[in-house]
Amino acid sequence: MRRAVLAVMALALTAGIAQAAPIGIGVGAYGGVSFPILQDDVSQGPVYGLRVPLKVIPMITVEPYYLTSHLGHGEQTIGGVKYTRDGFDHTGYGVNALLGTALGLGFGLHPYAGIGSHKLVRDGTPEIKETAYNFGLGMGINAMPKISLQLRGELNMVVTGDTSRKFANATVGLTYSL
Amino acid sequence: MKNLRWILPCLALVLLAPGCILTSGQILINFDLPDVSATSSTGLIGDQVDLSTNADYKKHKDKLKDIADFAVLGTFHNTGVTDINVEVWMTRDLTVLTTAATVQSSGIKLWGPLHVPAGGSVAIDWDGSAKLFTAAGKTALLEEAKGDGGFTLYALSSGTTYQFNVQDGLLALVIDAGI
């Protein structure tokens, strides 16, 4: 009898926790534009990527990501002559922590921050492979079950010694809740 | 929202702790080079560069951290009868050297070689030029840029007999600097 009561209590407690903080997982794809900030030798280009939001504790969503971007040519006119420089191929992976959730129904704003390992490559420049920090604000719109529209603006900062290469990324994506 | 009380100071620490990683940029500084004419390995004429005469350089010098990209730009005319491979060397001081041998013994190879066929011209672009910089040249250039900004460039070629000139020369530096 005691075992049955404990089992029922445990079941009720587990259900309560699960209701308060349902564990969730999703997969998402996104695309947008990456704007270099204060960089004279490169210009804006497309950015694409994948995300896997994991809601593991209340109010926090952990989100591993992969990003790839092909930045545009840097263009400078010097003495009436236009010079161009190849843009970087920018790839990176890491993890962001969102305040709130990118999963579930409804509308939500979620500020986030994260860390990753990013690589910037182009001919004639030594490869830059460094730690990157992300800071952003996302807006999730769940118009239908399991699928949410994700709009995000973020600052991505690839640290290069005492300085950094910074990008403002504006993206739109879809996330599917599994 | 209580979490913000912790998150915002943590973000501020991350952003400000490493110095000026947030308030930095990659800024192009270009420095015009006079036309150069080389007639032999014993008749070189150097180009003394004083970066401190450049307003952009002076503005950012104190916060200069690194050189992110660089290029020697211009049009190389080979007026001789044999193909040449042009190199640019630098000495860390303002010097007046006239022979390739002394330049190579006391200077640092900065850039090259750029192949220019006999009687031909090559207008080197930014992408092509950036690939020709040497690692030692970058280090030396960075040290000079962080130092007094004064150095001398010499254009020369392999062999003892050659004849070329460089027009519309330009030294383009993209510096990593605080703003």
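Guide: Two strands pair if DSSP finds at least two bridges between them. Strands (E, at least two residues) and helices (H or I, at least four) are DSSP runs, numbered from the N terminus. This is a predicted model, in which local features need pLDDT of at least 70, side-chain atom pairs count only at pLDDT 80 or more, and totals for chains, interfaces and linings use all residues. Residues are numbered from 1 along each chain as its sequence is written, while chains are lettered from A and ligands numbered from 1 in the order in which they are written.

Visitor: Which residue of β8(B) is the bridge partner of D47(B)?

Guide: Strands of a sheet pair through backbone hydrogen bonds, either parallel or antiparallel. Here the partner of D47(B) is L153(B). Strand β3(B) and strand β8 (residues 150–157) of chain B are antiparallel and share 4 bridges.

Visitor: What is the order of the open sheet of 4 strands in chain B?

Guide: The order is β3-β8-β5-β6, with antiparallel pairing. At the edges stand β3 (47–50) and β6 of chain B, each of which pairs on one side only. From one strand to the next, the twist averages 20°. Helix α5(B) packs on this sheet, touching β5, β6 and β8 of chain B, and its direction makes about 130° with that of β6(B). For such angles, axes are lines fitted to C-alpha atoms, for helices over the stretch in contact, and the values run from 0 to 180 degrees between N-to-C directions. Contact between two residues requires that their C-beta atoms, placed from the backbone, lie within 7 Å.

Visitor: Which residues of α5(B) are buried?

Guide: A residue is buried if 20 or more other C-beta atoms lie within 10 Å of its own, exposed if 12 or fewer, and partly exposed in between, with C-beta atoms placed from the backbone. In α5(B), G137(B), L141(B) and A145(B) are buried. They cover an arc of only 65° around the axis, so they lie on the same side of α5(B); the arc is that of the directions from the helix axis to the C-beta atoms. The other side of α5(B) carries the exposed residues A135(B), A136(B), T139(B) and E143(B). The buried residues pack against β4 (64–78), β5 (84–91) and β6 (108–116) of chain B.

Visitor: How many residues does each chain bring to the contact?

Guide: Chain A brings 27 residues and chain B 29 residues. In chain A, β6 (72–78), β7 (81–85), β10 (125–144), β11 (147–160) and β12 (163–177) each supply at least two residues of the side that touches chain B.
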